[in-house]
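Subject: Structure handover

Dear colleague,

Here is the structure I said I would pass on. My notes follow below it.

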Amino acid sequence: MKTLEEAFHHTLQDIYYAETALTKALPNVAKAAGNTDFKALVLAHLAETKQQIVILDKVFASIGQKAMGVKCDAIDRLIKETDGIIKDATGIALDACLIAIAQAVEHYEIARYGALREWAKVLGHTEAHDLLSQILDMEKAANSKLTGVAVSAVNMAKKAA
Ligand SMILES: [Fe+2]
């Protein structure tokens with residue numbers, strides 16, 4: 001890979017792989033979540049993630065490329081860590097750690113979409129820029145909601161203790 005166009009295409013495939021992997025991982029997180037608000041949020045974000053894949057399909061089409069993913073090691077590691085939390089943690093620690101790692105995923109996605117949409121702009125891919133900005137806004141909103149749930153869940157646990 002040498003050009004910004006190639007970097008854009010490769011990173012688009014990377015995030016496509018990541019979103020697809022998340023549609024498989026999020027149901028397990030929803031199942032493990034104890035806090036009902038968190039559980040609902042994960043399920044809502046699962047639906048949103050499927051929507052994001054449809055938007056990414058449009059991004060690929062807008063640059064005349066076939067939608068496909070390439071293995072993303074970062075998301076694979078984050079999902080592995082999530083599986084470890086589900087296996088090892090219980091009670092408030094389980095929810096607190098799951099919310100924290102969900103936010104790590106969101107931050108990863110925000111970084112990726114932030115770069116991608118700026119590259120799209122520089123490359124003159126106006127439609128891709130707009131579509132990627134839409135997804136970036138969704139990820140930022142999901143991250144804010146997770147912060148809200150984290151604060152309320154941790155506060156509730158503090159009161160109960
Ligand atoms: Fe996403």
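How many helices and strands are there in the protein? There are five helices and zero strands, where helices (H or I, at least four residues) and strands (E, at least two) are DSSP runs, numbered from the N terminus. The order of elements from the N terminus is α-α-α-α-α.

Two points on conventions. Residue numbers start from 1 along each chain, following the sequence as written. This is a predicted model, in which local features need pLDDT of at least 70 and side-chain atom pairs count only at pLDDT 80 or more, while totals for chains, interfaces and linings use all residues.

Confidence and overall dimensions

The mean pLDDT (the predictor's confidence in each residue, from 0 to 100) is 95 for the protein, and 98% of its residues reach 70 or more. Where pLDDT is low, the predicted coordinates should not be read in detail.

The C-alpha trace spans about 55 × 25 × 25 Å along its principal axes. The radius of gyration is 17 Å, which agrees with the value near 15 Å that a compact globule of 161 residues would have; the radius is taken over C-alpha atoms, and the globule rule is 2.2 Å times the number of residues to the power 0.38.

Of the 161 residues, 31% count as buried. A residue is buried if 20 or more other C-beta atoms lie within 10 Å of its own, exposed if 12 or fewer, and partly exposed in between, with C-beta atoms placed from the backbone. Contacts (C-beta atoms, placed from the backbone, within 7 Å) between residues at least 6 apart in sequence join residues at least 24 apart in 74% of cases.

Helix packing

The axes of helix α1 (residues 4-32) and helix α3 (residues 73-88) come within 11 Å and cross at roughly 10°. Axes here are lines fitted to C-alpha atoms, for helices over the stretch in contact, and angles run from 0 to 180 degrees between N-to-C directions. The crossing makes α1 roughly parallel to α3; angles under 35 degrees count as roughly parallel, over 145 as roughly antiparallel, 65 to 115 as roughly perpendicular and the rest as oblique. On the α1 side the contact is made by Ala-18, Ala-21, Ala-25, Asn-28, Val-29 and Ala-32, and on the α3 side by Ile-75, Asp-76, Ile-79, Thr-82 and Ile-86. These are eight nonpolar, two polar and one charged residues, taking Ala, Val, Leu, Ile, Met, Phe, Trp, Tyr, Cys and Pro as nonpolar, Asp, Glu, Lys and Arg as charged, and the others, Gly among them, as polar.

The axes of α3 and α4 come within 10 Å and cross at roughly 175°, which makes α3 roughly antiparallel to α4. Ala-74, Leu-78, Glu-81, Thr-82 and Ile-85 of α3 meet Leu-94, Cys-97, Leu-98, Ile-101, Ala-104, Val-105 and Tyr-108 of α4. By class, this contact has ten nonpolar, one polar and one charged residues.

Leu-116 belongs to helix α4 (residues 91-122) and counts as buried, with 26 C-beta neighbours inside 10 Å. Leaving out residues up to four places away in sequence, Leu-116 touches Phe-8, Thr-11, Leu-12, Ile-15 and Leu-132. Its C-alpha atom is 12 Å from that of Glu-6, 110 residues apart along the chain.

Gly-69 sits in the loop between α2 (36-62) and α3. With 17 other C-beta atoms within 10 Å, Gly-69 is partly exposed. Not counting residues up to four places away in sequence, Gly-69 touches Gln-13, Tyr-16, Tyr-17 and Thr-20.

Lys-159 is in helix α5 and counts as exposed, with 6 C-beta neighbours inside 10 Å. The C-alpha atoms of Lys-159 and Ile-135, 24 residues apart along the chain, are separated by 36 Å.

Regards

Note on methods
Two residues are in contact if their C-beta atoms, placed from the backbone, lie within 7 Å.
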